[in-house]
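Please look through the sequence and the model before reading the points below.

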Amino acid sequence: MLEEKKKIFGRRIIWFVLMVIGILIPIFTSEKEETFVLAMCCIFADIFILTFLISACLYSCKLYEYNGNVIVVYAGHSHHYIKVNGVKMDEYITSISFTPIRLSCTLEDGTNISTTISLTNRISLKINDRLYKATETI
């Protein structure tokens with residue numbers, strides 16, 4: 001879970017810093033006429049960066065504990081996966097998805113785990129067809 005927390009936090013910080021830099025460049029260069037083109041490029045870059053910043057804010061990760069098993073479900077920009085006790089059990093990689101993503105696996109004791117990740121990266125997990133509540137959420 002610590003690895004996923006670092007991923008989410010790091011990406012949010014990177015896109016936020018890039019957004020701040022993109023906003024500050026036109027402000028400090030607006031007094032010079034020859035930097036008008038640079039300022040306009042920064043504005044267009046800000047629009048691009050803003051989409052990735054919003055996307056990074058939608059990343060999510062949930063931790064579940066069930067019968068001594070630690071289940072981690074991660075929903076990032078293009079990588080989505082489910083880990084049980086640190087072992088990646090199912091993974092879905094896509095750049096854009098227009099439908100909810102469904103991941104599933106079976107534990108060693110025969111317990112069926114299925115998770116659904118919505119278009120806005122909301123995570124829900126079912127264990128043996130019953131909704132299960134997360135222990136920790138990012």
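The points below describe a predicted model, grouped by topic.

**The sheet**

- Five strands make up an open sheet, arranged in the order β4-β3-β2-β1-β9, with antiparallel pairing.
- The edge strands of this sheet are β4 (87-93) and β9 (136-137), each of which pairs on one side only.
- The pairing of β1 with β9 is antiparallel and runs over two bridges.
- Within β9, Thr137 is the bridge partner of Lys62.

**The nonpolar cores**

- The largest nonpolar core holds 16 residues, and the members that touch the most others are Ile71, Val73, Ile82, Ile113, Ile117 and Leu125.
- At least two residues of this core come from each of the strands β1 (60-66), β2 (69-75), β3 (79-84), β5 (101-106), β6 (112-117) and β7 (123-127).
- Another core, of twelve residues, lies apart from it; Ile8, Met19, Ala56 and Tyr74 are among its members.
- Leaving aside residues up to four places away in sequence, Val73 touches Ser60, Cys61, Lys62, Tyr64, Tyr81, Ile82, Thr115, Ile117, Ile123 and Leu125.

**A buried threonine**

- Thr115 is part of strand β6.
- Is Thr115 buried or exposed? Its relative accessible area is 1%, and buried means under 20%, so Thr115 is buried.
- The side chain of Thr115 reaches the backbone oxygen of Ser124 at a distance of 2.8 Å.
- With residues up to four places away in sequence left out, the contacts of Thr115 are Val73, Ile82, Ile101, Arg102, Leu103, Ile123, Ser124 and Leu125.

**Aromatic pairs**

- The model has a count of five aromatic pairs.
- One of these is formed by Trp15 and Phe52, which are stacked, with 4.9 Å from centre to centre and 15 degrees between the planes.
- Trp15 belongs to helix α1 (residues 2-29) and Phe52 to helix α2 (residues 36-57), so this pair ties together parts that lie 37 residues apart in sequence.
- Phe52 counts as partly exposed, at 25% relative accessibility.
- How is the pair of Tyr64 and Tyr132 classed? The ring centres are 6.3 Å apart and the planes stand at 45 degrees, so the pair is tilted.
- Because Tyr64 lies in strand β1 and Tyr132 in strand β8 (residues 130-132), their pair ties together parts that are 68 residues apart in sequence.
- Tyr64 is buried at 1% relative accessibility, whereas Tyr132 is partly exposed, with a relative accessible area of 29%.
- Trp15, Phe48 and Phe52 together form one aromatic cluster.

**Lysines over rings**

- The charged end of Lys7 is placed over the ring of Tyr74, at 5.0 Å from the ring centre.
- Lys88 is found in strand β4, and its charged end sits over the ring of Tyr81, 4.5 Å from the centre of that ring.
- At 41% relative accessibility, Lys88 is partly exposed.
- Lys88 touches Tyr81, Ile82 and Lys83, when residues up to four places away in sequence are not counted.
- The side chain of Lys88 also makes a polar contact with the side chain of Glu91, at 3.3 Å.
- Lys88 and Ser60 are 28 residues apart along the chain, and their C-alpha atoms are separated by 17 Å.

**Loop residues with positive phi**

- As background, most residues other than glycine have a negative phi.
- Asn67 is not a glycine, yet its phi is positive, at about 50 degrees.
- Where is Asn67 found? Asn67 lies in the loop between β1 and β2.
- Asn67 counts as exposed, because its relative accessibility is 58% and the cut-off for exposed is over 50%.
- Asn85, likewise not a glycine, has a positive phi of about 55 degrees.
- The position of Asn85 is in the loop between β3 and β4.
- Asn85 has a relative accessible area of 45% and is partly exposed.

Key: Residues are numbered from 1 along each chain as its sequence is written. This is a predicted model: local features need pLDDT of at least 70, side-chain atom pairs count only at pLDDT 80 or more; totals for chains, interfaces and linings use all residues. Side-chain values use heavy atoms; hydrogens and water are left out. A nonpolar core is a set of buried Ala, Val, Leu, Ile, Met, Phe, Trp, Tyr and Cys residues joined through side-chain atoms within 4.5 Å. Buried means under 20% relative accessible area, exposed over 50%, partly exposed in between (1.4 Å probe, protein chains only). Helices (H or I, at least four residues) and strands (E, at least two) are DSSP runs, numbered from the N terminus. Contact means heavy atoms within 4.5 Å. Rings of Phe, Tyr and Trp (its six-membered ring) pair if their centres lie within 6.5 Å; planes under 30 degrees apart count as stacked, over 60 as edge-to-face and the rest as tilted. A charge sits over a ring if NZ of Lys or CZ of Arg is within 6 Å of the ring centre and within 35 degrees of the ring normal. Two strands pair if DSSP finds at least two bridges between them. A polar contact is a pair of N or O atoms within 3.5 Å; within protein, one must be able to donate a hydrogen and the other to accept it, and residues adjacent in sequence count only if both atoms are side-chain atoms.
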